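Here's a quick briefing on one model.

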Amino acid sequence: MRTQVAIIGGGPSGLLLGQLLHRHGIEAVVLERKTRDYVLGRIRAGVLETGLVRLMEEAGVAGRLHREGYVHDGTQVAWEGGMFHIDFKELTGTPVVVYGQTEVTRDLYDAREAAGAQTIFEVDDVVIHDADTDHPHVTYTRAGLSHRIDCDFVAGCDGFHGVSRQTIPLSVRREYEKTYPFGWLGILSETPPVHDELIYANSDRGFALCSMRNANLSRYYIQCALSDHTSDWTDTAFWSELRRRLPENVADSLVTSPSIEKSIAPLRSFVTEPMRWGRLFLCGDAAHIVPPTGAKGLNTAASDVQYLWKGLVQYYQDNDSEGIDRYSEKALLRVWKAERFSWWFSGLLHRYPHMSPFDLKMQQADIAFLRDNEAQQRAFAENYVGLPY
Ligand code: APR
Ligand code: PHB
C-alpha cells in the first residue's frame, strides 16, 4: 500500500490531522492499535479552547459540538477565603466550550467513515522505517499477517506509550519530565452538575474539581495518594471527601448517585524535543504530557495538529517545506507555555507532601493575588482559553 501520510494512532490527534488533510485533498491512512469502541470508551477531559473549536469547524465536524457543547464564559476557584469567579469573556473576549473528548473523537471517527478514509484497527507490531530518509515506510501486523505502507511522511499520533517517539534515536532526543506526588481519583455520575461552571478547589485536605459532561452527567475529581486504588474508595467515601473539600454552600447542594465510572490517574509533565526527525512528526501525547489541571492535553495536541496540517498543505500545494521545517520549533514554543501553565495551576491548587507553613502561606497568597488582581486574572484567562497558535 502507498499513501501520502501514514498516521500512527487513532486518538484525537491522529483523527483531527487525518480529517484536516482529507479536507485538503491529502491522503492519509490511520493505523490504530485498538478497536473504535475501545478508543471511544476512554473518559477524558472536555474543555475546548477556541482554537480547537475553530479547527473542528475547519475539519467540518463542529455541528454536534455547537449543538451540544456548553459555552463557559468563566470558571470558579474555591479556597479557604471562599469562592471567586474568573470571567474569561470579560478579560479576553473568549469563552471555552465544555464538550467531552470522547464526543470529539466520536465526531471525528464518524466524519472519517463518512469520507471513506481508511482507518486500520487492531494493528500490532507497528514499526516506522527509514524516517530519516525521503522514503519512509511503516510495517505492521494484523490478524497474524504482515503489511507495509510506503508513504511520504509519518505522523506519530500514538500517545505517550506509542512507538513513534521511541523511533527517534536517543542521541537525537532530549526528554524533560516531572512527576507529581499524588494522583486524581475521578468519577462520572448521572447527576446534574453542582454548578453551571467548573469549580477548581484548593482545600486543606487537597485538590478537588467539579466538572461536567451534560445537564445530567457530572465529572468530579479529588487529589489522592499515588498508592490509592479505586477499590479503596467506595462511592460514599468519595462523596463525603469531595464535600469536605468544597465550600459549605456548594457541598450542601451536591447531588450524588452511584458512580458509573471510577478511575485514578497519575499526573506528569513531559516533553520530548525535537518533535520532528526526518519525515516523522510527533503530535499530541506522543510528544508531551501535562497534568490535567489546566485541561491542556487535548488543546495542545490540537495546536500541534494545526501546525503540521498547515505545513503539509504548504508542502503539497506550494512545494514549500517551510511549514514542516519549522514545525517542531513552532509547536514546542506553544507546548512549553501550556506545560508552564499546567504546572503553575497544579502548584496553586494541590497539597504537596512536606509543604512548610511558609509554603502554605505562599500558596494562599498566590490565590488571593489571583482573586484580587485583574492583570493576574487576565494572564490566567489568556492561558486557560488558549494562547494564540
Ligand atoms: N500503533 C497504533 N496505535 C497506537 C500505538 C501503536 N503502536 N500505540 C498507541 N496507539 C493508539 C492508542 O490506542 C490511542 O488510540 O494511539 C492513540 C493515541 O491517542 P491518545 O493517547 O488519546 O493521544 P492523542 O491522540 O495525542 O490525544 C491527546 O488525549 O490522552 C489524551 O490527555 C490526552 O487530551 C489529550 C489527548
Ligand atoms: C474534566 O471535565 O474531565 C476536566 C475538566 C477540566 C480539567 C480537567 C478535567 O482541568
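Helices (H or I, at least four residues) and strands (E, at least two) are DSSP runs, numbered from the N terminus. This is a predicted model, where local features need pLDDT of at least 70, side-chain atom pairs count only at pLDDT 80 or more, and totals for chains, interfaces and linings use all residues. Residues are numbered from 1 along each chain as its sequence is written, ligands are numbered from 1 in the order in which they are written, and side-chain values use heavy atoms, with hydrogens and water left out.

- Glutamate 273 and proline 274 are joined by a cis peptide bond, with omega about -10°.
- Proline 274 sits in the loop between strand 16 (259–273) and strand 17 (276–277).
- Aspartate 130 isn't a glycine, yet its phi is positive, about 55°.
- You'll find aspartate 130 in the loop between strand 9 (124–129) and strand 10 (137–142).

**Ligand 2**
- There are 13 residues around ligand 2 (a heavy atom within 4 Å), and Tyr200, Ser211, Arg213, Tyr221 and Thr293 come nearest.
- An N or O atom in the side chain of tyrosine 221 is 2.5 Å from a ligand 2 oxygen; for the tyrosine 200 side chain it's 2.8 Å.

**Helix pair**
- Helix 1 (residues 12–23) packs with helix 6 (residues 101–114) at an angle of about 40°.

Technical notes:
Axes fitted to C-alpha atoms, helices over the stretch in contact; angles between N-to-C directions. Polar contact = N/O pair within 3.5 Å; in protein donor to acceptor, adjacent residues only side chain to side chain.
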